[in-house]
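These are my notes from one sitting with a structure. I wrote down each thing I looked up and what came back.

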Amino acid sequence: MKLQSNATFWVASCAFVLVFMTSGTPISLFNLYREENGLTNADLGVVSLAYFISAAVALLMFGRLSNYIGRKPMALIAIGCCALSCVLLMLMTDVTLLFAARLLQGFACGVATSSIGAYAVDAGEHQPKWLVAAVASTSPMVGIPLGAISSGALVTWAPYPKITIFALVLTLLLVCLTLLFNCRETINRQPGALASLRPGLHLPTGKTFIFVATAGVVISTWSAGGFYQAFGPSIVAEQLAMDSAIVAAIAFSSIMGLTPFGSYLSGRLSPRRAVQSGMALFCVAVMSITLALQQGGLVMFIVASLSVGIAQGLASTACIKLLLQDEPQHYRAGLLSTVYIISYSGAVLPAFGASIAANWFSVFTVWCGYAVLGIGAAVIALMATVLARRARQAAVVGS
């Protein structure tokens, strides 16, 4: 029996979160891998880079495929890749297996952000608009910390820490696969699947400044998240003098933990005010993180990181809501792919430089470079919202 649209929305939303939860589970184990398997900060930087590149390639090449073969098959592929990555991580002995697992997870995340995100949007016709926008924009920020904290807790208190978390996540993935098989398809299959594999971007018509603002928002926030994903456990150990997997997981996850709350607040504000408030808060939070790391203040670090999550939820949800407004169903996957390609690029390019810089500079110095990038992108987003408002006012006067 096929599930109704409301049930399909919630299954797709949970699948979206679960894919990113899977990608967050290895992060709390990075320090353990360094100690027991001989991995270095440079190794972790390269592994993180592989994850982001794999996701970007999946978005660029497969982002529109669900328009032709259906949302559900692509969702099943993403969940299947996550399941295989869990098997590889349970067998983890050296950087090669970690590299392969992160490639699979990156590919799954790339497929999920376009296909499963569009699946949830399609099935969310009767849901509140802010909720649908929040699912499309913040599911990664819910799933990744959920995986990291779960993993950190099991590393700290459970037996066989390198296996237990992945066995648990694998079980959840298999349940999700079963539910997805019973979900309704929201797209009618059509020819053109092979042609859709040609790399391409979809840019919304008449929303240039909104798109620029979105790019500034995702580059600033995703670059910071990329740093935490690659170096979070290292910076907690080196700058904050804490050698606990659960503390490292909480510190890492704090940058995304309150993103859903920011999304909720976004629904209470006008989109322009939400973007401006979010980016202003982001700039203050980044400067506070830098000060906290310099002084070794764990509490200030976590509070400032939580503020980044609120800022991200505020700004990204508002931007996605504006971009998806009046957008035809056929273009939703392509538009989400374009947004997430920029998002992952905002994480990939700094991660590439950081993986090289980690051989010569401390993680604090690397963070300072990220801080400059993030604040610069946030300022661009703020300027774009002002220009978007002026353009809209000029259009009203002209009409």
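Entry 1. Does Ser343 count as buried or exposed? I looked up its relative accessibility, which is 1%, so Ser343 counts as buried. I note here that the model is a predicted one. The cut-off I needed is that buried means under 20% relative accessible area. Ser343 sits in helix H15.

Entry 2. I then asked what lies around Ser343. A polar atom of the Ser343 side chain lies 2.9 Å from the backbone oxygen of Val339. I also looked for contacts, leaving aside neighbours within four places in sequence. On that basis Ser343 is in contact with Val218 and Trp222.

Entry 3. Trp222 came up again when I turned to cavities, as one of the residues nearest the centre of the largest cavity. How many cavities of 30 Å³ or more does the structure hold? I found four. The largest cavity has about 140 Å³ of space. Its lining is made up of 15 residues. Nearest its centre are Met141, Ile144, Trp222, Gly225 and Met256.

Entry 4. I checked which elements supply the lining of the largest cavity. At least two residues each come from helix H3 (41-62), helix H7 (129-157), H10, helix H11 (245-257) and helix H15 (329-357). H10 gives the most, with five residues. I sorted the lining of the largest cavity by class and got ten nonpolar, five polar and no charged residues.

Entry 5. I stayed with helix H7 for one more residue, Ala148, which is placed in that helix. Ala148 has a relative accessible area of 0%, so I list Ala148 as buried. I also took a distance along the chain. Ala148 and Ser137 are eleven residues apart in sequence, and their C-alpha atoms are 19 Å apart in space.

Entry 6. Next I looked up the second largest pocket. It holds about 330 Å³ of space. I counted 17 lining residues, and Ile210, Leu322, Ala388, Arg389 and Arg392 lie nearest the centre of this pocket. Two or more residues of this lining come from each of helix H10 (208-238), helix H13 (271-295), helix H14 (298-324) and helix H16 (363-398). Which element gives the most to the lining of the second largest pocket? I found that H16 does, with five residues. By class, the lining of this pocket has nine nonpolar, four polar and four charged residues.

Entry 7. I picked Thr385 because it lies in helix H16 and is buried, with a relative accessible area of 6%. Its side chain is joined to that of Gln276 by a polar contact of 3.2 Å. Leaving aside neighbours within four places in sequence, I list Ala213, Arg272, Val275 and Gln276 as in contact with Thr385.

Entry 8. Last, I looked at helix H12, which covers residues 259-266. Which residues of H12 are buried? They are Thr259, Gly262, Ser263 and Ser266. I wanted to know how these four are placed around the helix. They cover an arc of only 105° around the axis, so they lie on the same side of H12.

How values were computed
Residues numbered from 1 in each chain as written. Predicted model: local features only at pLDDT ≥ 70, side-chain atom pairs only at ≥ 80, totals over all residues. Heavy atoms only, no water. 1 Å grid on protein atoms, 1.4 Å probe; cavity = no way out; pocket = protein on both sides within 12 Å on 5 of 7 lines; lining within 4 Å. Points joined across faces, edges and corners; volume = space filled by probe spheres on them. Nonpolar A, V, L, I, M, F, W, Y, C, P; charged D, E, K, R; others polar. Buried < 20%, exposed > 50% of the residue type's maximum accessible area, 1.4 Å probe, protein only. Arc of directions from axis to C-beta. Polar contact = N/O pair within 3.5 Å; in protein donor to acceptor, adjacent residues only side chain to side chain. Contact = heavy atoms within 4.5 Å.
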